[in-house]
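These notes are meant for a colleague who is opening this structure for the first time. Please keep the sequence and the model in view while going through the numbered points.

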Amino acid sequence: MGLLILFGTMIFFFAIGVPIGICLIFPCFIMLLVNPVTSASFLAQSFYTGVASSSMIALPFFMICGNIMDKGGISRRLVNAANNCIGGITGSLGMVTILACMFFGAVSGSAVATVAAIGAIMLPEMVRHGYDKYYATGLCAVAGGLGIIVPPSYPMVVYGVTNNESIGDLFVAGIVPAIMVGAFLMLVNYFYCRKRGIRGTNKFHLKTAVLGFWDAKWALLMPVIILGGIYAGIFTATEAAVIATVYGIVIGCFVYKEVTFLQLWNEFKATATFSGGMMWTVAPATAIGLVFAYMGINKAIASFFLGISTNTFVVMFLITCILFLVGMFLQTTPAIVIFSPVLLNVAKAVGVSSLQFGVVMTLALAIGFCTPPVCANVFVAQSMTGLPMDRIVKPAVPFIAVLILALLLVCFVPGLSVGLLEILG
């Protein structure tokens with residue numbers, strides 16, 4: 001009866017559009033009236049413990065840093081660097097778009113921001129040089145998912161805070177999968193352009209490539225500072241977020257001089273609003289996780305999966321299917337805080353590490369940015385072009401297919417995620 005009230009009330013609140021924090025916690029208090037598995041005071045106390053983590057500080061600072069770098073002319077410089085690097089090979093502009101999304105993702109950590117920043121520059125250029133406008137828009141929408149795959153990634157921060165996992169280790173675990181996803185997308189673009197005879201627009205010149213990277217050096221240096229500082233033992237992931245923010249302010253305001261102090265103040269206010277909403281989601285998620293544990297829901301779910309099979313590949317395939325469906329209907333943060341603690345227990349039961357599962361979940365939710373009905377990246381791309389949704393999704397299908405292939409490879413080959421960590425010791 002208690003479970004029926006809990007999930008029934010939760011689904012009802014979701015359906016009528018109640019904010020996610022209330023959807024998570026209010027049903028718990030209603031359920032306690034029928035089945036008092038714990039006290040209301042303990043449930044309220046768990047709100048505080050859910051966000052009383054120093055790692056939580058990293059999230060707003062990474063968001064501030066990404067927004068500042070977004071406004072500071074970074075995207076234009078990154079596109080120029082990528083264009084000079086790719087040269088005149090078949091489908092070079094599509095590859096530049098993908099490579100620029102990888103560069104910008106390493107700065108912003110946001111999929112939607114990556115689509116908006118890179119798409120605004122590359123979409124007109126691609127159409128001008130013979131790319132189908134629907135294909136170009138679909139490519140930008142899918143490649144924008146690299147914004148949360150390439151470290152530093154805010155979903156990885158949320159996952160680390162929710163599951164008490166090292167954020168720095170998650171960043172390093174995501175490096176190889178991010179490169180693999182970028183390579184797969186470039187491969188699809190190459191064959192598309194080869195079939196249609198779309199050639200590159202300029203030849204590769206070493207001097208031009210060096211000058212392009214030199215112009216973008218301050219932007220490209222930021223992920224090096226973050227990851228290098230963490231693994232050199234100079235600072236923690238939380239401290240790295242603060243350092244990256246200070247670095248972004250200095251570069252945006254005083255080096256590139258494209259961010260004003262008024263814009264900076266507006267970014268602080270916007271991030272404060274985002275952080276408040278984030279905490280209102282994470283805090284109840286911790287409380288409901290305790291309720292699930294007291295009611296034995298976690299064990300019941302684990303028993304359900306293990307009752308189907310104890311084979312790692314079978315269980316992970318089922319989990320991947322669930323994550324893929326979750327990404328289609330839920331935004332990233334609620335999906336992580338609600339489902340990662342429950343599904344992680346199942347993954348650990350079949351020998352999957354928390355780090356590997358974190359990368360798998362990030363990849364699965366990145367696909368959700370491109371698949372209906374939520375498909376935030378597609379909506380952003382559509383808003384820039386005014387094209388019909390169905391005409392954008394259709395040419396994006398091959399790119400989504402290779403994203404799914406990359407997800408399955410990371411799911412079934414642990415070395416792709418934790419291998420680099422093992423090499424680094």
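1. Two residues are said to be in contact, or to touch, when they have heavy atoms within 4.5 Å. Helices (H or I, at least four residues) and strands (E, at least two) are DSSP runs, numbered from the N terminus. The model is a predicted one, in which local features need pLDDT of at least 70 and side-chain atom pairs count only at pLDDT 80 or more, while totals for chains, interfaces and linings use all residues. Residues are numbered from 1 along each chain as its sequence is written, and side-chain values use heavy atoms, with hydrogens and water left out.

2. On the overall fold, the protein has 23 helices and 0 strands. Its radius of gyration (taken over C-alpha atoms) is 22 Å, close to the 22 Å that the globule rule (2.2 Å times the number of residues to the power 0.38) gives for 425 residues, so the protein is as compact as a globular protein of that length. Taken along the principal axes, the C-alpha atoms fill a box of roughly 70 × 45 × 45 Å. Among contacts between residues at least 6 apart in sequence, 78% join residues at least 24 apart.

3. On burial, a residue is called buried under 20% relative accessible area, exposed over 50%, and partly exposed in between (1.4 Å probe, protein chains only). The accessible surface, from the Shrake-Rupley method with a 1.4 Å probe, comes to about 17600 Å², of which 69% belongs to carbon and sulfur atoms.

4. Helix H8 (residues 133-143) deserves a look, since it is mostly covered, with 10 of its 11 residues buried. Among the buried residues are Tyr134, Tyr135, Gly138 and Cys140. Which elements cover them? The cover includes H6, H7, H9, helix H12 (175-196), helix H21 (376-385) and helix H22 (389-412).

5. Helix H22 also holds Val402, which counts as buried at 15% relative accessibility. Leaving aside residues up to four places away in sequence, Val402 touches Phe184, Leu185 and Val188. The C-alpha atoms of Val402 and Leu363, which are 39 residues apart along the chain, are separated by 12 Å.

6. A further buried residue is Thr245, at 4% relative accessibility, and its place is in helix H15 (residues 237-255). Beyond residues up to four places away in sequence, Thr245 touches Phe61, Ile64 and Cys65.

7. Grid points are joined across faces, edges and corners, and a volume is the space filled by probe spheres set on the points.

8. The largest pocket has a volume of about 730 Å³. It is lined by 31 residues, of which Tyr154, Gln331, Thr332, Thr333 and Pro334 lie nearest its centre. The largest share of this lining, 6 residues, comes from H16. Ala, Val, Leu, Ile, Met, Phe, Trp, Tyr, Cys and Pro count as nonpolar, Asp, Glu, Lys and Arg as charged, and the others, Gly among them, as polar; on that basis the pocket lining has 19 nonpolar, 10 polar and 2 charged residues.

9. The count of cavities of 30 Å³ or more comes to 1, and the largest cavity has a volume of about 80 Å³. Of the 13 residues that line the largest cavity, Phe62, Val107, Ser108, Gly109 and Pro152 are the closest to its centre. H4 gives the largest share of the lining, 3 residues, and by class the lining divides into 9 nonpolar, 4 polar and no charged residues.

10. The peptide bond from Pro151 to Pro152 is cis, with omega near -5 degrees, and Pro152 lies in the loop between helix H9 (146-149) and H10. Asn164 has a positive phi of about 55 degrees although it is not a glycine, and it is exposed, with a relative accessible area of 73%. Lys257, in the loop between H15 and H16, has a positive phi of about 55 degrees although it is not a glycine, and it counts as exposed at 64% relative accessibility.

Definitions and conventions: 1 Å grid on protein atoms, 1.4 Å probe; cavity = no way out; pocket = protein on both sides within 12 Å on 5 of 7 lines; lining within 4 Å.
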